[in-house]
Amino acid sequence: MSVKIYDRPDVQAFLRELSGLNSDTGNDRMKQITHRLMSDLFRAIGDLDITPDEYWTGVAWLNDLGAAGQAGLISPGLGVDHFIDERLDAIDAAMGIENPTPRTIEGPLYVAGAPESTGFARLDDGTAEGQTLVMHGVVHDAQGRPLPGAKVEVWHCDTRGFYSHFDPTGQQAPFNMRRTIYADENGRYKFQSILPSGYGVPPGSPTEKLLSALGRHGQRPAHIHFFISADGHRKLTTQINIEGDPLIDDDFAYATREGLVPKINERTDDESINANGLNGPFAEIEFDIYLTALVDGVDNQINEQRRRAAA
Ligand code: MBD
Ligand code: FE
């Protein structure tokens, strides 16, 4: 039996009431968004005949999701983060702004306050397994010139797929594989670390349960995150993928983008090894970064809501 009450005037009045639209106080934008989202939910409950059991299963899942701190994890899993990137790209395209280095999602695992250095940093503390990586490049300004002093924040996980500050084994020191590197006088940044492995959502978690119910997995290909910022430029949020990872085109967070899969060069020659102060073969990635200019003097895309202090 199909019953439709959504369009009834009393239901429409009820939606305005519960969204605070009859109140003189509160926040107008919050009211507008709440009214829209609650209206869409009410309509979906009617159109899809969502049962009370189904609804309360969803409420219990939301409680579990929040208790696990995973709202920021299911968000990329459901593609919202990538959708927001696509919108930012479309807004830029409409303004004639090109992004030579593509943006891609931040993810939920950045931690502010990493150790800072100029030119070079070693990201790993030498205790973790993994192939040595040397990554470097030049940060360019909006005119394509090298940009000394540009701030390069970089973070990645270990070969078990665990990030420091979120490591369920508690094995990693704070800020392991997290650094802030200021580009040197030639606009160059460089770091030594280990090649990360892919990431998987916690087994048995609310995020994994939903993905499983959708017939999806919760795996990401190996990747390295970046924020790059400098005076007069928009802050760039991006990632690179580790070339050859079998999941590069099957990322549960939909972050892979053309232009963000740099070549990996396996270096085995003594000259390269010595030049980097290493004692064995290593993987080398060269990746130049291009920032874009402020729009009318401001960063029109800045998002500082997600910053998380070290825990
Ligand atoms: C990650 O490491 C990540 O980058 C994203 C986007 C989601 C979950 C884990
Ligand atoms: Fe990540």
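At 1.5 Å a residue, the 16 residues of helix H5 (residues 80-95) should span 22 Å, and the end C-alpha atoms of H5 are 23 Å apart, which agrees. The expected span is 1.5 Å times one less than the number of residues. Helices (H or I, at least four residues) and strands (E, at least two) are DSSP runs, numbered from the N terminus. This is a predicted model, in which local features need pLDDT of at least 70 and side-chain atom pairs count only at pLDDT 80 or more, while totals for chains, interfaces and linings use all residues. Residues are numbered from 1 along each chain as its sequence is written, chains are lettered from A and ligands numbered from 1 in the order in which they are written, and side-chain values use heavy atoms, with hydrogens and water left out.

The buried residues of H5 are Asp81, His82, Asp85 and Asp92. Seen down the axis of H5, these residues fall within an arc of 95°, so they line one face of the helix; the arc is that of the directions from the helix axis to the C-beta atoms. Buried means under 20% relative accessible area, exposed over 50%, and partly exposed in between (1.4 Å probe, protein chains only). The buried residues of H5 pack against helix H4 (71-77), whereas the face turned away from the buried side carries the exposed residues Phe83 and Ala94. After H5 comes Gly96, whose phi is positive, near 75°.

In the loop between H5 and strand S1 (116-118) lies Thr104, which is buried, with a relative accessible area of 1%. Leaving aside neighbours within four places in sequence, Thr104 is in contact (heavy atoms within 4.5 Å) with residues including Asp85, Thr237 and Ala255. The side chain of Thr104 reaches the backbone oxygen of Ala255 at 2.7 Å.

Tyr163, in the loop between strand S4 (151-155) and strand S5 (178-182), and His223, in strand S9 (residues 223-229), are 60 residues apart and link distant parts of the chain. Tyr163 is buried at a relative accessible area of 3%, and His223 counts as buried at 1% relative accessibility.

How values were computed:
A polar contact is a pair of N or O atoms within 3.5 Å; within protein, one must be able to donate a hydrogen and the other to accept it, and residues adjacent in sequence count only if both atoms are side-chain atoms.
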